[in-house]
Amino acid sequence: MAAATDGGGLPLLADKAASHSHHHHPERHFTSKEVVRDVIMGVSDGLTVPFALAAGLSGASAPSSLVLTAGLAEVAAGAISMGLGGYLAAKSEADHYQREMKREQEEIIAVPDTEAAEIGEIMSQYGLEPHEYGPVVDGLRRNPQAWLDFMMRFELGLEKPDPKRAIQSALTIALSYVIGGLVPLLPYMFISTAQNAMLTSVGVTLVALLFFGYIKGRFTGNRPFLSAVQTAIIGALASAAAYGMAKAVQTR
């Protein structure tokens with residue numbers, strides 16, 4: 001059947017395709033999941049741990065200056081520890097990728113037919129028939145690097161990590177921890193009485209936890225208000241437990 005044409009003889013299908021090319025559907029996918037994960041990890045721990053420490057020391061009737069000193073020391077140590085943990089985790093991920101890539105490359109060289117058959121198995125999982133994915137298999141066999149990349153991603157489920165990922169992760173987590181950790185300590189910088197400072201710290205930190213939980217929910221695709229309440233409850237429970245333990249020890 002001949003293609004439908006407009007008055008000028010051009011196929012309407014071509015017109016529609018050209019029109020579609022000028023009206024791109026906006027893709028709104030958030031792709032910086034690693035950075036978001038690092039920020040969430042750093043800020044959530046930064047808000048919770050120093051908060052609980054300050055509440056515990058306040059419960060033990062420590063002066064504001066001591067609470068502030070101990071809190072700042074904890075923030076520094078925590079930022080270093082968390083940053084180092086992020087660096088080692090990202091470095092391990094990169095090392096694992098390199099090991100698997102080397103092993104996969106050796107298999108492509110040693111048993112190319114077996115590896116090519118695995119491409120077909122992967123394609124068939126998406127509902128493609130042999131006559132449909134056959135040209136793809138042939139094309140990948142002619143391009144060893146593309147073949148290797150395909151196998152790493154679709155057979156092993158591994159994404160190539162950014163070479164700078166380890167350093168970026170360490171700095172992001174550490175900085176996020178410092179920012180979060182300073183929030184509950186701010187009242188102790190301006191209020192000399194630890195009990196009064198603690199009450200202000202509770203209010204400030206709970207507001208910060210609610211705000212952070214809401215933002216976290218927006219970025220992670222969860223319900224923002226539920227995320228805000230859950231984050232605040234976790235922080236409140238941690239500080240209440242630390243305060244209660246300090247009071248229990250003090251009464252003995």
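**Exercise 1.** In this predicted model, find how the side chains of aspartate 95 and lysine 91 meet, and work out how far apart the two residues are in helix H3.

*Solution.* 
- Step 1: Look at the contact. The side chains of lysine 91 and aspartate 95 form a salt bridge, with N to O at 3.3 Å.
- Step 2: Check the surroundings. Aspartate 95 is partly exposed at 32% relative accessibility, and lysine 91 is partly exposed at 35%.

**Exercise 2.** Now try glutamate 100 and arginine 103: how many Å apart are their closest N and O atoms, and is glutamate 100 buried or exposed?

*Solution.* 
- Step 1: The closest N and O atoms are 2.6 Å apart, and the two residues form a salt bridge.
- Step 2: Glutamate 100 and arginine 103 are three residues apart in helix H3, which again means about one helical turn.
- Step 3: Glutamate 100 has a relative accessible area of 17%, so this residue is buried, being under 20%. Arginine 103, at 41%, is partly exposed.

**Exercise 3.** Which parts does the salt bridge between arginine 165 and aspartate 38 tie together?

*Solution.* 
- Step 1: The N to O distance in this salt bridge is 2.9 Å.
- Step 2: Arginine 165 belongs to helix H7 (residues 165–190) and aspartate 38 to helix H2 (residues 33–59), so the pair links parts 127 residues apart in sequence.
- Step 3: Arginine 165 is buried at 11% relative accessible area, and aspartate 38 is buried at 2%.

Note on methods:
Residues numbered from 1 in each chain as written. Predicted model: local features only at pLDDT ≥ 70, side-chain atom pairs only at ≥ 80, totals over all residues. Heavy atoms only, no water. Salt bridge = Lys/Arg side-chain N within 4 Å of Asp/Glu carboxyl O. Helix = DSSP H or I, 4+ residues; strand = E, 2+ residues; numbered from the N terminus. Buried < 20%, exposed > 50% of the residue type's maximum accessible area, 1.4 Å probe, protein only.
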